[in-house]
Amino acid sequence: MSYRNLSPVELDALREIGNIGLGNAVTSLAQLINRRVNMRVPRSSFLPFEEMIELVGGYEELVGCVSLRVLGDAPGIVLYIFDGESTLRLVDMLLGLPVGTTGELDEMARSAIKEIGNVLTGSFVSAISMMTGLNMITTVPLFAFDMLGAVLTSLMVAAGRVEEEVLVIETELFQEDETLIKGHFFLLTEPGAIERLMAALGL
């Protein structure tokens, strides 16, 4: 089953799962940095893989990407991708620095993003697991700062087969000073995972 074969009710259920999962993730982020973080979700949708690429900016777009594998009852990959500028702003947020301080990613910056990516993606998957009752185990997160094409190529080679369509949640994060950090959550499921999610929801 692919997303294009799901009914409107089933699609809405998946979107709602994604939005709740992301809400939990942002709450965890605020607790970690001990500051208020507001979130806006401009769009939650299902897109073919190629449209997902275009949404982020194309294969040559410089991005920061935190990824982790999901094992268990509904296997797949969760990605949190920020554009280059938002990646640097995120480091400033995490380290409590004035906006614009970070100009490049050193080891401390990469470690901070990987840790926050772990919190965000882990909270996201945990929320889905709690809502569905499915056993979903996350692996150690990986971080890459490179062109989108290179990042995705390496991930797809490692992951093997995934569905051709992707659950996409666009996000905008704000601090008290209204610093904008734009990102995208992507859930790429392996064949069969969608059916298990739907069955667990009683749909």
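In this predicted model, F82 has a relative accessible area of 2% and is therefore classed as buried. The residue Y80 is buried too, with a relative accessible area of 1%. What kind of aromatic pair do Y80 and F82 form? A search of the whole structure finds two aromatic pairs. The one formed by Y80 and F82 is tilted, with the ring centres 4.5 Å apart and an angle of 40° between the planes. Ring pairs also bring in F185, so that Y80, F82 and F185 are linked into a cluster, given that rings pair if their centres lie within 6.5 Å.

Along the principal axes, the C-alpha trace spans about 50 × 30 × 30 Å.

Among contacts with a separation of 6 or more, 74% are between residues 24 or more positions apart. Of the 203 residues in the protein, 53% are buried, and Y80 and F82 are among the buried residues.

The protein exposes about 9,200 Å², of which carbon and sulfur atoms supply 52%. On this surface, L95, L97 and M108 make a nonpolar patch of about 270 Å². One of its members, L95, is placed in helix α3, which covers residues 84-95. The relative accessibility of L95 is 35%, and L95 therefore counts as partly exposed, since this class lies between the buried limit of 20% and the exposed limit of 50%.

T27 lies in helix α1, made of residues 8-33. Is T27 buried, partly exposed or exposed? With 44% relative accessibility, T27 counts as partly exposed. T27 and G96 are 69 residues apart along the chain, and their C-alpha atoms are separated by 18 Å.

Note on methods. Residues numbered from 1 in each chain as written. Predicted model: local features only at pLDDT ≥ 70, side-chain atom pairs only at ≥ 80, totals over all residues. Heavy atoms only, no water. Patch = residues over 30% accessible without salt bridge, like charges linked within 9 Å, V, L, I, M, F, W, Y side chains within 5 Å. Areas by Shrake-Rupley, 256 points an atom, 1.4 Å probe, with all protein chains shown as cover. Salt bridge = Lys/Arg side-chain N within 4 Å of Asp/Glu carboxyl O. Helix = DSSP H or I, 4+ residues; strand = E, 2+ residues; numbered from the N terminus. Buried < 20%, exposed > 50% of the residue type's maximum accessible area, 1.4 Å probe, protein only. Contact = heavy atoms within 4.5 Å. Phe/Tyr/Trp six-rings, centres within 6.5 Å; stacked < 30°, edge-to-face > 60°.
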